[in-house]
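Subject: Handover of a structure, with findings

Dear colleague,

Please find below the structure I am handing over to you, together with its sequence.

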Amino acid sequence: MEILLEELYKTDISLEKFHFRKLFLDEKSYQINGITQSGKTKVVKNYLLGLKKSSYLYVDCNDLRIDKEGLSEALTYFCTKNAIQTVVLDNYTPEIKSIHVAQLILCCETHYELDFLTTLKLYPLDYEEFLSYEHKYDSTALNHFFKLGGFPSMHKISADERALYLQKMLKNALSGIELDILIFCTKMMAQKISPYSIYERLKQTQKISKDKLYAAFDALSAKGYIHQLLKVNHPKAVRKVYLCDISLKSALTIEKQFSKLFENMIYLELLKSGKEAFYDDGIDFYLPSHDEIILGMPFADERTLFKKMENIEAFLFTYQIKKVTVVTMSTEGSMSHPLSHVEMVPFDIWALGD
């Protein structure tokens, strides 16, 4: 292994134009978690390029030449001999024993309980990050976002290859049962579904164990390929399921559900901003810390909004909602209401707000 480590140590890291993300690395040790193609590798390589070449070692643990047991045995000695301060283990797996260096950075999908590392979560691009790839900041950028989604690599893939590219990416990253569950969730995005309902559906077409399906569903959720939203004050109620990125909708199904796709976009912006949210009947997102609800109504007008407000007045009164934000495609405006301030805001303006 020492021969391979020497080769990796001497090899220069290359990185095409880097678009900065909302994630900052300093001298601390980190565990960076994120789904495949979310940008973990580029983030760490950009950080390494700011260090002295002789002070770091980058190892991709998916390299077929690596013997994981041999790597564990050789790393510490090699780093000590070469006075290496920073080690990056990309695509890390727990078979590789952690080593003692000044700075250790692990990149992996699955989160491992390692108390000495600061955990950072990297999601696919949010809308603001996406704009750094765009040449113009106008309505065409939002339309482009609908087509490409948040995977940075999609900017280099031609339109006729995008679906197959994403399918291949997911096949390489997920087990067969995980992919089947993800496809089902894609068809049911932004809707209430339980692992049991998925099991009931999939067992009609294939032989499947309930325990294995539940474990695969939990793994998809833990890694971040799907996200679940709780119902307010009902933690045992069926949860709503959202996809990690809206691009999966067109890649894994031919069904068109723009309103659900739009809702999924709003959810991901809330998720990446770290805002705690819940759903309720007729309420897309309730933000208790802000006394606010957010409704996804892409083509709202005053008439449809007035009817919607009538239907949710009980919720507004019960939870003392001070603000109702209606996220639209392009409509702007406000509405007078005795209980809450109601405002219609286009997605691109809302997503770039505080």
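A cavity, in the sense used here, is a set of points on a 1 Å grid over the protein atoms alone where a 1.4 Å probe fits but cannot get out. Please note that the model is a predicted one.

**Cavities**

By this rule, two cavities of 30 Å³ or more are counted. The largest cavity holds about 50 Å³ of space. Its lining is formed by F145, G149, G150, D245, I246, M265, L268, E269, K272 and F347. Helix α11 supplies the largest share of that lining, with four residues. By class, the lining of the largest cavity divides into five nonpolar, two polar and three charged residues.

The second largest cavity holds about 30 Å³ of space. It is lined by G34, I35, K121, L122, Y123, P124, G224 and C244. Here the classes come to five nonpolar, two polar and one charged residues.

**The largest pocket**

The largest pocket has a volume of about 950 Å³. It is lined by 35 residues, of which T36, Q37, S38, K40 and T41 are the closest to its centre. At least two lining residues come from each of α2 (40–48), β4 (103–108) and α6 (162–173). The largest share, five residues, is that of α6. The lining of the largest pocket has 12 nonpolar, 13 polar and 10 charged residues.

**The three-stranded sheet**

Three strands form an open sheet in the order β6-β8-β7, and their pairing is antiparallel. Strands β6 (191–192) and β7 (226–229) stand at the edges with a single partner strand each, so one side of each has no neighbour in the sheet. Between β7 and β8 (residues 240–243), which run antiparallel, there are four bridges. Within this pair, Q228 stands opposite V241 in β8.

Two helices lie across this sheet. Helix α7 (residues 176–187) lies across β6, β7 and β8 and runs at about 105° to β8. Helix α11 (residues 258–273) also lies across β6, β7 and β8, running at about 85° to β8.

**The six-stranded sheet**

A further open sheet has six strands in the order β9-β10-β11-β12-β14-β13, with mixed pairing. Its edge strands are β9 (278–280) and β13 (333–335), each of which pairs on one side only. On average, neighbouring strands of this sheet are turned by 25° against each other, direction ignored. Strands β11 (residues 292–296) and β12 (residues 323–328) run parallel and are joined by five bridges. In this pair, I294 has T325 in β12 as its bridge partner. Helix α11 packs on this sheet as well, touching β10 (283–287), β11 and β12, and its direction makes about 10° with that of β10.

**Helix pairs**

How do α5 and α11 lie to each other? The axes of helix α5 (residues 139–148) and α11 come within 12 Å and cross at roughly 100°. Angles of 65 to 115 degrees count as roughly perpendicular, and α5 and α11 are therefore roughly perpendicular to each other. On the α5 side, L142, F145 and F146 make the contact, and they meet F258, L261, F262 and M265 in α11. This contact has seven nonpolar, no polar and no charged residues. Two of these residues, F145 and M265, are also in the lining of the largest cavity.

The second pair is α7 with helix α9 (residues 210–223), whose axes come within 9 Å and cross at roughly 70°. Helices α7 and α9 are therefore also roughly perpendicular to each other. Helix α7 contributes I177, E178, I181, L182 and C185 to the contact, while α9 contributes L213, A216, F217, A219, L220 and K223. By class, the contact of α7 with α9 has nine nonpolar, no polar and two charged residues.

**In summary**

With kind regards

How values were computed
Residues numbered from 1 in each chain as written. Predicted model: local features only at pLDDT ≥ 70, side-chain atom pairs only at ≥ 80, totals over all residues. Heavy atoms only, no water. Pairing = 2+ DSSP bridges. Contact = heavy atoms within 4.5 Å. Axes fitted to C-alpha atoms, helices over the stretch in contact; angles between N-to-C directions. Parallel < 35°, antiparallel > 145°, perpendicular 65-115°, else oblique. Nonpolar A, V, L, I, M, F, W, Y, C, P; charged D, E, K, R; others polar. 1 Å grid on protein atoms, 1.4 Å probe; cavity = no way out; pocket = protein on both sides within 12 Å on 5 of 7 lines; lining within 4 Å. Points joined across faces, edges and corners; volume = space filled by probe spheres on them.
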